[in-house]
Amino acid sequence: MKQTRREFVRILFVASQAVVASRFLPVNLLAEATPLTANGLNFLVFGDWGRQGEQDQIEVATHMAKASKNLNPKFIISVGDNFYEDGVKSVDDPHWQKSFEEVYHDPALQVPWYCILGNHDYHSNCDAQIDYGKINPRWKMPARYYVQSQQIDAATTADFFYIDTTPMIKSYYNDGTEKTRANVITQDVPKQLAWFKTSLAASKAQWKIVIGHHPIYSGGGHGDTSELIKNILPLLHKHKVQAYFNGHDHDLQHLLTGEVNLFDSGAGSQHTPTFYTKRSKFAKSCSGFTTVSLQADKMDVRMIDNRGTQVYATTVARS
């Protein structure tokens, strides 16, 4: 019965691609597809990328640069799993050059990168990723979780809450690698959750956006994350967070739960199968990234694959 239901979902997914295809645009039309405003806050979001310059990573990086020339982003957000398979050992690890500096070298990508940790980063030295910002100021990870405020216009502010989801997931304490277990047990999850609750409650920003590595709901291979459904989602609803961006599943997705938009952009260097669920607005198995144009009253979101094709576009109104 379970297999039959999965096959039915797969058929619906395939059929839906014909509808989505009508929204595809080549990368050379991105300037028209993503209108810029003088007061807009533009940025890119992607994750799960650090594979030492493998083909998909290079292709995604190339089209990120092309999109950035049109979008002129103020910053880039990495939703974690920055270095495969096992994070970095130190600030001198060769991964920094092979997976970051030599891949994202285009002048259009020389903007601040606000980063969080993923579960693969927990395989090694997490603090090295925090310390790397002292060597390269483009890399912004002041702590494992933090808040960043951005001004959109004179009357509109956006608060970005970057959280560290790996220690929240119970399976990493039992089923993860020995190094992962050693890293997660050092983290004070109740302290982080208390910080998150307090920070959300204190925010006066008109836009509230949360960044985490793991999905809350997902049609991808990893699926829903019960710990985040229990501990994070109620806070997003309570404090009227408009969007949650994540990675972990290597695909591009948009799901909706209540008024909270869930965007999966974990396809920076690899893609895996994904399916539509009852919460899905869009799902596609492809490598790629997401562009966002945040304005006072709306948020324009575009998802672009590793061929430079815009595969999805939506607008989120500020509630």
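User: Why is F160 called buried?

Analyst: F160 has 0% relative accessibility. Buried means under 20% relative accessible area, with exposed over 50% and partly exposed in between (1.4 Å probe, protein chains only), so F160 counts as buried. A word on the background: this is a predicted model in which local features need pLDDT of at least 70, side-chain atom pairs count only at pLDDT 80 or more, and totals for chains, interfaces and linings use all residues. Residues are numbered from 1 along each chain as its sequence is written, and side-chain values use heavy atoms, with hydrogens and water left out.

User: Thanks! What makes strand 6 mostly covered?

Analyst: In strand 6, 6 of the 7 residues are buried. Strands here are DSSP runs of E with at least two residues, helices are runs of H or I with at least four, and both are numbered from the N terminus.

User: How do you know that strand 6 pairs with strand 5 (residues 146-153)?

Analyst: Two strands pair if DSSP finds at least two bridges between them. Strands 5 and 6 share 7 bridges in the antiparallel sense, one of them joining Q150 to A158 in strand 6. With 2 residues between them, strands 5 and 6 form a hairpin. Strand 6 also pairs with strand 7 (residues 207-211), here in the parallel sense and over 5 bridges, with V210 in strand 7 as the bridge partner of F161.

User: Why are strand 5 and strand 11 (280-284) said to stand at the edges?

Analyst: The open sheet has 7 strands in the order 5-6-7-8-10-9-11, with mixed pairing. Strands 5 and 11 each have a single partner strand, so one side of each is left without a neighbour in the sheet. On average, neighbouring strands are turned by 20 degrees against each other, direction ignored. Further along the order, strand 9 (residues 252-257) and strand 10 run antiparallel and are joined by 6 bridges.

User: What does helix 7 touch in this sheet?

Analyst: Helix 7 packs on the sheet and touches strand 5, strand 6 and strand 7. The direction of helix 7 makes about 175 degrees with that of strand 6, where axes are lines fitted to C-alpha atoms (for helices over the stretch in contact) and angles run from 0 to 180 degrees between N-to-C directions.

User: Q192 sits in helix 7 (residues 189-202). Why is Q192 called buried?

Analyst: The relative accessibility of Q192 is 3%, so Q192 falls in the buried class. Contact means heavy atoms within 4.5 Å; leaving aside neighbours within four places in sequence, Q192 is in contact with Y145, I163, D164 and M168.

User: What makes R51 sit over the ring of Y84?

Analyst: The charged end of R51 is 3.7 Å from the ring centre of Y84. A charge sits over a ring if NZ of Lys or CZ of Arg is within 6 Å of the ring centre and within 35 degrees of the ring normal. R279 sits over the ring of Y217 at 3.6 Å from its centre.
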